[in-house]
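Please open the structure in the viewer and keep the sequence at hand. The tour moves from the whole chain to a single pair of elements.

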Amino acid sequence: MSDTNNNSQYQPAKVWKNDKENGGKFASTNRPTAGARHEQTLPVGAAPLQLYSLNTPNGVKINIMLEELKELGVQGAAYDAYKIDIGENDQFGSGFVDINPNSKIPALVDYSVIQDNDNDGEPIKVFESGAILLYLAEKFGQFVPMQQGRARTECLSWLMWQMGSAPYLGGGFGHFYAYAPEPMEYPINRFTMETKRQLDVLDIHLQNCDYMCGNGKESYTIADIAIWAWYGQLALGNLYEGSAQFLQVDSYQHLQRWAKAIAARPAVKRAVDLPLKPIS
Ligand SMILES: N[C@@H](CCC(=O)N[C@@H](CS)C(=O)NCC(=O)O)C(=O)O
């Protein structure tokens, strides 16, 4: 094994055991099991949509969408937003797990549907930020081409690209660059390589279009919203201190132009620092 492994003495046992603190930033939160860890009833406000979230990139996607709908004056998109503090293990409370069995923010509950015949008086629970964006976009007929065809397919392809790619950025690069107990060359190199490749994918694509799926303001979609929350914020130096220089984000000029244009939108300015109500 090469020296760049930083860990050349380590040999995986036949069966993994959870018998050591790993020392990373989220070490005390992580367990190899799922399900509720404590009882916690979540508050429900008066608005039709109830958001349980945090202003991380995955949370910011939904903040942007709801604030963009507010900008358009969409009445039915009124919402209450509550803070799920993942550092305090709120994501493992019974009320949150009942909405999202995967215990990760964001999660949304739509109470506007309880009068509808096919909902048995129950609200609709939505988890996974991509699913929430698509749910809201389709419910209100905004920020997604509604008709099946090339434009809708392109939008959903880029939305799914974001959902599949960002774990390499956040869980891979971000984790090892900013949260691991010590710098480790092998994982930092591996995930930096992949993150820079992804930034290049976006830069090349944005060379020929204003937004991810076309030109002109009306082509701004949930694909831009989802991708901006991670890659736009990374490009603007808002994620992982020191990473803008490390990744040389300024060199991706088309990505920079797109990221700045979206950052200037009033809805986006409000969304990145959305006030969230306490859950208790
Ligand atoms: N694929 C999920 C990922 C959500 C996610 O990873 N959320 C993080 C914060 S950005 C979280 O809640 N982490 C808490 C934990 O892992 O315990 C989505 O897009 O909604």
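**The whole chain.** The model shown here is predicted.

**Secondary structure.** Switch to a cartoon display, in which 9 helices and 4 strands can be located. Followed along the sequence, these elements come in the order β-α-β-α-β-β-α-α-α-α-α-α-α.

**Burial and contacts.** Next, colour the residues by burial; 33% of the 280 residues count as buried. How many of the contacts between residues at least 6 apart in sequence join residues at least 24 apart? The share is 71%.

**Helices H1 and H3.** Now select residues 57–71, which form helix H1, together with residues 129–140, which form helix H3. The axes of the two helices lie 9 Å apart and meet at an angle of about 10 degrees. Because angles under 35 degrees count as roughly parallel, H1 and H3 are roughly parallel to each other.

**The contact itself.** Display the side chains of Asn-58, Lys-61, Ile-62, Met-65 and Leu-69 on H1. Coloured by class, the contact of H1 with H3 shows 7 nonpolar, 2 polar and 1 charged residues.

Terms used. Residues numbered from 1 in each chain as written. Predicted model: local features only at pLDDT ≥ 70, side-chain atom pairs only at ≥ 80, totals over all residues. Buried ≥ 20, exposed ≤ 12 C-beta atoms within 10 Å, placed from the backbone. Contact = placed C-beta atoms within 7 Å. Axes fitted to C-alpha atoms, helices over the stretch in contact; angles between N-to-C directions. Parallel < 35°, antiparallel > 145°, perpendicular 65-115°, else oblique. Nonpolar A, V, L, I, M, F, W, Y, C, P; charged D, E, K, R; others polar.
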